[in-house]
Amino acid sequence: MLVASFVGQKGGVGKSALARVLAVAAARRSKNVLIADFDLEQLSCVEWSAARLRLGQFPEVESRAFKSLKKLRKTVEGFDLVVVDTRGLADDLTDDVSKESDIVFLPTGTSMDDLRPTLALARKIARNTNPDKVVLILSKTGRSERQIEEARTLIENAGFALLEAVWPQRDGFQAEFDSGRAGSEVSNPYLRQSAEAVEKAMLNHLFRS
Ligand SMILES: Nc1ncnc2c1ncn2[C@@H]1O[C@H](COP(=O)(O)OP(=O)(O)O)[C@@H](O)[C@H]1O
Ligand SMILES: [Mg+2]
């Protein structure tokens, strides 16, 4: 069994949206996948799984709420992949989840306001576990290639792995998310391609781990 987690120091950076892309990718490959939703305030993934079921989106993706890792450990038997979605605040749970993960994805915006806390968290996680597990993702990026390149350089200079593909912020994703789809399942081909690139890159890092 593999564990992939999405952590961050901020809310709204795309953790849940990316967790769903990875979970759907695994489910489509006939893997038994569970999203463990630790964001009990939002329960974005639990709600999304329910919407998916209600609206008949295939494949089904199971998502359950968890308060502690102890509970999760008792549940994971029989799953090939557990995707852990956490809340927008790094805490002790972030450390524990990171230690138990095969890979830890940290989505971040391209601004220094986002990069500074993300790099600080990445260093903390790297100190506590294997630094090779840590992969940053440029997430909800705007249309400025220069901003993306500058962020890429900063992250690489800091010595961290960065997902090759970026997760672009586009209005077209919203309505599709609300219908229980993941980014990789949207009808707009341009949006779907960018989500598929992110999906492929996440799978590569996961299976390399
Ligand atoms: N690529 C994207 N384009 C547009 N909106 C997005 C994108 N990714 C996520 N969102 C939206 O941004 C908000 C925050 O995303 P979410 O994945 O919930 O972040 P987090 O889990 O880090 O708080 C949500 O309303 C979500 O639907
Ligand atoms: Mg979330």
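This is a predicted model: local features need pLDDT of at least 70, side-chain atom pairs count only at pLDDT 80 or more; totals for chains, interfaces and linings use all residues.
Q: Where do I start? How many helices and strands are there in the protein?
A: Start with the count. The protein has 8 helices and 8 strands.

Q: What are the spans of the C-alpha trace along its principal axes?
A: They are about 45 × 40 × 30 Å.

Q: What does the radius of gyration say about this protein?
A: Compare it with the value for a compact globule. With 209 residues, such a globule would have a radius of gyration near 17 Å. The protein has 16 Å, so the two agree.

Q: What share of the residues count as buried?
A: Of the 209 residues, 53% are buried.

Q: How much of the contact in the protein is between residues 24 or more positions apart?
A: Take the contacts with a separation of 6 or more. Residues 24 or more positions apart account for 76% of them.

Q: How are two packed helices described?
A: By the angle between their axes and the distance between the axes. Now take H1, residues 15-28, and H8, residues 189-208. Their axes come within 10 Å and cross at roughly 75 degrees.

Q: Are H1 and H8 roughly parallel or roughly perpendicular?
A: Angles of 65 to 115 degrees count as roughly perpendicular. H1 and H8 are therefore roughly perpendicular to each other.

Q: Which residues meet where H1 contacts H8?
A: H1 brings Leu18, Val21, Leu22 and Ala25. From H8 come Ala195, Val198, Glu199, Met202, Leu203 and Leu206. By class, this contact of H1 with H8 has 9 nonpolar, no polar and 1 charged residues.

Q: How many residues has the largest nonpolar core?
A: It has 37 residues. Those with the most contacts inside it are Phe6, Leu22, Val83, Phe105, Trp167 and Met202. H1 gives the largest share of this core, 10 residues. Another core, of 17 residues, lies apart from it, with Leu106, Leu119, Ile148 and Leu162 among them.

Q: What is Met202 in contact with?
A: Leave aside its neighbours within four places in sequence. Met202 then contacts Phe6, Leu18, Val21, Leu22, Phe105, Ile137 and Leu163.

Q: Now a single residue. Is Ala151 buried or exposed?
A: Look at its relative accessible area. Buried means under 20%. Ala151 has 2%, so Ala151 is buried. Ala151 is found in helix H6, residues 145-157.

Q: Which residues are in contact with Ala151, leaving aside its neighbours within four places in sequence?
A: They are Thr110, Leu115 and Leu138. Check Ser111 too. Ser111 and Ala151 are 40 residues apart along the chain, and their C-alpha atoms are separated by 7.6 Å.

Conventions. Residues are numbered from 1 along each chain as its sequence is written. Chains are lettered from A and ligands numbered from 1 in the order in which they are written. Side-chain values use heavy atoms; hydrogens and water are left out. Axes are lines fitted to C-alpha atoms, for helices over the stretch in contact, and angles run from 0 to 180 degrees between N-to-C directions. Helices (H or I, at least four residues) and strands (E, at least two) are DSSP runs, numbered from the N terminus. Angles under 35 degrees count as roughly parallel, over 145 as roughly antiparallel, 65 to 115 as roughly perpendicular and the rest as oblique. Contact means heavy atoms within 4.5 Å. Ala, Val, Leu, Ile, Met, Phe, Trp, Tyr, Cys and Pro count as nonpolar, Asp, Glu, Lys and Arg as charged, and the others, Gly among them, as polar. A nonpolar core is a set of buried Ala, Val, Leu, Ile, Met, Phe, Trp, Tyr and Cys residues joined through side-chain atoms within 4.5 Å. Buried means under 20% relative accessible area, exposed over 50%, partly exposed in between (1.4 Å probe, protein chains only). The radius of gyration is taken over C-alpha atoms; the globule rule is 2.2 Å times the number of residues to the power 0.38.
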